[in-house]
Amino acid sequence: MGTMRILDSTGDTVVQWSELDDRAVLEASRAFDAQRKLRRMAFARLKGAAPTESVKISSFDPSAEEIIFVRPIVGG
Amino acid sequence: MAELPRFKVLEELDHGRQLVELLEGELAGTTVVLVAVSTPGLRPLEELVADPCGLEHPFWLDPRPARPTSRAPRRRGLAPSASAERRARELLMALLDDDQRESFSNSGRFTVPTPYGTVELGELFNLGFTTTLGERFSLCVVPTSAAELPICDVWVNLVLVLRAEPKRFMEVANWRHLASGQRGEGPVPGLGLSPRRRR
């Protein structure tokens with residue numbers, strides 16, 4: 001089961017999918033694309049990776065264990 | 001120029017913040033989360049809210065009415081709830097290594113190593129940075145619309161970017177060199193980074 005966390009005012013909003021469920025994968029992929037259109041950045045933790053090991057991704061990876069969407073950063 | 005309006009402290013919050021009610025000006029009756037309190041500001045309130053990182057004494061605006069009516073619409077930028085703060089803290093703790101987790105639990109701060117040096121997260125708008133050569137800076141980097149996020153989500157945001165894209169972090173950071181007092185916009189000097197092209 002993969003989990004996507006989108007940081008927001010509630011802490012985060014979760015989208016989950018199973019690689020075996022085509023519909024869930026499609027919905028998660030759509031959610032991913034919607035966040036990308038908002039210029040959010042996605043960091044994925046691949047299966048077996050430590051929580052401290054995440055990589056930036058630009059397209060949905062259904063094999064990822066966890067994807068976290070964060071906001072673009074700015075200076076003042 | 002307008003000064004920061006007089007305010008009344010409603011509640012002491014964590015991380016040194018205060019929930020206050022503005023008592024005068026166009027925003028009278030609005031509650032605001034003060035991140036730091038000092039002498040009255042010298043810039044219009046609206047300008048300060050739009051540009052918190054440019055401030056010596058920044059604050060966040062929480063546009064929740066101090067006396068909400070039953071028909072008041074829900075607005076963006078509402079202060080995160082206690083459950084949101086807890087949820088964000090759980091996510092942050094899950095992403096930290098053992099040393100970082102212990103440090104954050106004990107002091108509310110933790111450090112993130114990068115190829116450029118070590119960044120300390122824990123004080124919003126004032127991130128400690130010690131380069132590999134020992135130069136010390138205060139950095140200001142925030143996620144866009146940071147006021148919408150629980151504070152621990154801000155640290156999640158920054159730690160993920162620092163781990164994966166430290167160059168980008170240093171390129172956008174506003175900085176103050178602690179020894180000389182010199183300050184400027186990104187990139188942080190002395191790291192061999194070129195100024196980013198403005199869009």
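**Salt bridges in the predicted model**

Glu27(A) is partly exposed, with 44% relative accessible area. In this predicted model, Glu27(A) pairs with Arg23(A) in a salt bridge whose closest N and O atoms are 3.4 Å apart. Arg23(A) is exposed, its relative accessible area being 63%. Both residues belong to helix α1 (residues 22-37) of chain A, and because they are four residues apart there, about one helical turn separates them.

Asp98(B) counts as exposed at 55% relative accessibility, while Arg101(B), at 27%, counts as partly exposed.

A further salt bridge joins the side chains of Arg45(A) and Glu66(A), with an N to O distance of 3.6 Å. Arg45(A) is in strand β3 (residues 41-45) of chain A and Glu66(A) is in strand β5 (residues 66-70) of chain A, so this pair ties together parts that lie 21 residues apart in sequence. Arg45(A) and Glu66(A) are both buried, that is, each has under 20% relative accessible area.

Arg45(A) and Glu66(A) also belong to one network of salt bridges that share partners. Over all chains, the count of salt bridges comes to 13.

Key
Residues are numbered from 1 along each chain as its sequence is written. Chains are lettered from A and ligands numbered from 1 in the order in which they are written. This is a predicted model: local features need pLDDT of at least 70, side-chain atom pairs count only at pLDDT 80 or more; totals for chains, interfaces and linings use all residues. Side-chain values use heavy atoms; hydrogens and water are left out. A salt bridge is a side-chain nitrogen of Lys or Arg within 4 Å of a carboxyl oxygen of Asp or Glu. Helices (H or I, at least four residues) and strands (E, at least two) are DSSP runs, numbered from the N terminus. Buried means under 20% relative accessible area, exposed over 50%, partly exposed in between (1.4 Å probe, protein chains only).
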